[in-house]
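The sequence and model come first.

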Amino acid sequence: MKVLVIGSGAREHALCRSLSLDSAVSAVYCAPGNAGIAQVAELRQVDALNAGDVADLAQRLGVDLVVVGPEAPLVAGVADAVRARGIDCFGPSGTAARLEGSKAFAKEVMAAAGVPTARSYVCTNPEEADHALDAFGPPYVVKDDGLAAGKGVVVTDDLEVARAHAASCDRVVIEEFLDGPEVSLFVLCDGNDVVALQPAQDFKRVGDQDAGPNTGGMGAYTPLPWAPEGLTEDLVRTVAQPTVDEMRRRGTPFSGVLFIGLALTSRGPRVIEYNCRFGDPETQVVLASLATPLAGVLHASATGRLGELEPLRWHEGAAVTVVVAAENYPATPRTGDPIKGLAEVAKLPHTYVLHGGTRRGEAGDVLSSGGRVLSVTGTGATLEQARERAYEGVALIGLPGSHHRTDIAAKAIRGEISVAGGVANG
């Protein structure tokens, strides 16, 4: 099988790495990719938001499967254009991708499907926003209705900050604050059937102890030792399958991956958001843990054959990833700095680096080119060992002005996460 992956971040590096290790895959291409992805895939240039260009590239390369990583190309209809050429594609149609493209639409689907979620208001002017903020009170949760690269959500006790964020967006969803630890669950869908992957937890705030603004994600780990028994099966029954059934009923079947972000509140699980693609950095740890070869799983989703899959197999142990971010991220990150230590990390047996925002310099060195520059991933027999190995790799990286969180998975290891409520992240 020849596979083309669309995207240029650490999520796409994780996908390409897993596909390159799959004996059923004869060639992996990535467009546009980055300096790290070039080690496991052949890079090609493409405008990922131009559906026709992506379809042309897939046809020219003669690939059997296209895997679309980021959300923006999916919302732009890239998967539709690829399938129109007779090429299998992992990812939802542009219409189905509205589950991420519009939070208001996602709430509408949740309501129709009976999915438990936070109470909310959709607001289009300051008066409506003030009413919603007053109705829920602090902490205020204000979400840009459209795509915002994981940074369109403000959670704050400051009313003026909440009002300012609402005013900066054309349309916002304002909802009640959900207590309890957060969980990320990827569910593969083929329009009818669903298959859940192993749940993970990510860390959205830029600083330790969840300080500072939201980011695209600063680290993640899996499995979740504190998660209730049967959680995944319960979420498939109450959230994933009803949502896929509702999308099919509407005439817009959903295939690809449904990313369910939820909080385990004192009133039970409540969905925070849907995404229509793999999440970053959760993909880095989930794929590190997946023992079943990836290509066949993605192809089954793309071709309506999930029901034929054998149960997924998972490696024993755990995985932790820590994001090394550029100076001034998540504001305007500094780019163009040389990255040192990559060769040293490559010598570690259970730790590896996935590139998020990198490029090759004219001299052949690796330079930073984005905000979340690297995801350093460690695996181990225990969560504690995986965490130690990830941070061992981080310590070898040299990037001027970079920063990272030092508390990824720490509370989980210390047993400090309570499902009964009160913990916003772990």
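## The sheet

Strand E16 (residues 255-265) and E17 run antiparallel and are joined by 7 bridges. Strands are DSSP runs of E with at least two residues, helices are runs of H or I with at least four, and both are numbered from the N terminus. Two strands pair if DSSP finds at least two bridges between them. Thr265 has Gly268 in E17 as its bridge partner.

The model is predicted: local features need pLDDT of at least 70, side-chain atom pairs count only at pLDDT 80 or more, and totals for chains, interfaces and linings use all residues. Residues are numbered from 1 along each chain as its sequence is written, and side-chain values use heavy atoms, without hydrogens and water.

The open sheet has 4 strands in the order E11-E10-E16-E17, with antiparallel pairing. From one strand to the next, the twist averages 35°.

## The helix pair

Helix H6 (residues 103-113) packs against helix H9 (residues 231-249) at about 105°, with axes 9 Å apart. H6 is therefore roughly perpendicular to H9 (65 to 115 degrees). Angles run from 0 to 180 degrees between N-to-C directions.

Phe105, Val109, Ala112 and Ala113 in H6 meet Pro242, Thr243, Glu246 and Met247 in H9. Contact means heavy atoms within 4.5 Å. The contact residues are 6 nonpolar, 1 polar and 1 charged.

## A loop residue

Ser93 sits in the loop between strand E5 (88-90) and helix H5 (98-101). Ser93 counts as buried, at 16% relative accessibility (the cut-off is under 20% relative accessible area, with a 1.4 Å probe). Beyond its neighbours within four places in sequence, Ser93 contacts Leu74, Asp80 and Arg83.

Key: Parallel < 35°, antiparallel > 145°, perpendicular 65-115°, else oblique. Nonpolar A, V, L, I, M, F, W, Y, C, P; charged D, E, K, R; others polar. Buried < 20%, exposed > 50% of the residue type's maximum accessible area, 1.4 Å probe, protein only.
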